[in-house]
Amino acid sequence: MPATRLDLRDVPPPERHPKIHDAFEDLGSGEALEIVNDHDPKPLFYEFQAEVESFDADNYDVERRGDDEFVATLPKK
């Protein structure tokens with residue numbers, strides 16, 4: 001599954017979700033957005049699950065790679 005990577009650790013928190021939504025919207029079907037964050041993006045998962053019809057929640061994945069590095073894959077149907 002092709003992925004677009006977005007590192008958000010240096011992005012101010014109020015700007016993160018709009019940036020993520022814009023990048024996800026630009027994806028084609030079957031692609032994924034990989035985000036790197038400084039915390040577990042669980043609230044983002046719930047937001048996408050409730051609001052984004054093209055979000056493939058069943059194939060969402062998140063991996064903690066360090067104290068301040070979480071990598072989440074948000075696939076698009």
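Is Phe45 buried or exposed, and at what relative accessibility? I looked this up in a predicted model. Phe45 has 10% relative accessibility, so I log Phe45 as buried. The cut-off for buried is under 20%.

**Entry: ring pairs**

I counted aromatic pairs next. The total is seven. One of them joins Phe45 and Tyr46. The geometry is edge-to-face, with 70 degrees between the planes and 5.4 Å from centre to centre.

I then checked the accessibility of Tyr46. The value is 47%, so Tyr46 goes down as partly exposed. That class lies between the 20% and 50% limits.

**Entry: Phe45 and Tyr60**

Phe45 also pairs with Tyr60. I read 4.7 Å between the ring centres and 45 degrees between the planes, which makes this pair tilted. Where do the two partners of this pair sit in the chain? Phe45 belongs to helix H2, residues 42-51. Tyr60 is in the loop between H2 and strand S3, the strand covering 61-66. They are 15 residues apart, and the pair links distant parts of the chain. I note both Phe45 and Tyr60 as buried.

**Entry: the cluster**

Which rings do the pairs link into a cluster? I list Phe24, Phe45, Tyr46, Phe48, Phe55 and Tyr60.

**Entry: charges over rings**

I looked for lysines over two of these rings. Lys42 lies over the face of Phe45, 5.0 Å from the ring centre. For Phe24, I found the charged end of Lys76 over the ring, at 5.4 Å from its centre.

Notes
Residues are numbered from 1 along each chain as its sequence is written. This is a predicted model: local features need pLDDT of at least 70, side-chain atom pairs count only at pLDDT 80 or more; totals for chains, interfaces and linings use all residues. Side-chain values use heavy atoms; hydrogens and water are left out. Rings of Phe, Tyr and Trp (its six-membered ring) pair if their centres lie within 6.5 Å; planes under 30 degrees apart count as stacked, over 60 as edge-to-face and the rest as tilted. Buried means under 20% relative accessible area, exposed over 50%, partly exposed in between (1.4 Å probe, protein chains only). Helices (H or I, at least four residues) and strands (E, at least two) are DSSP runs, numbered from the N terminus. A charge sits over a ring if NZ of Lys or CZ of Arg is within 6 Å of the ring centre and within 35 degrees of the ring normal.
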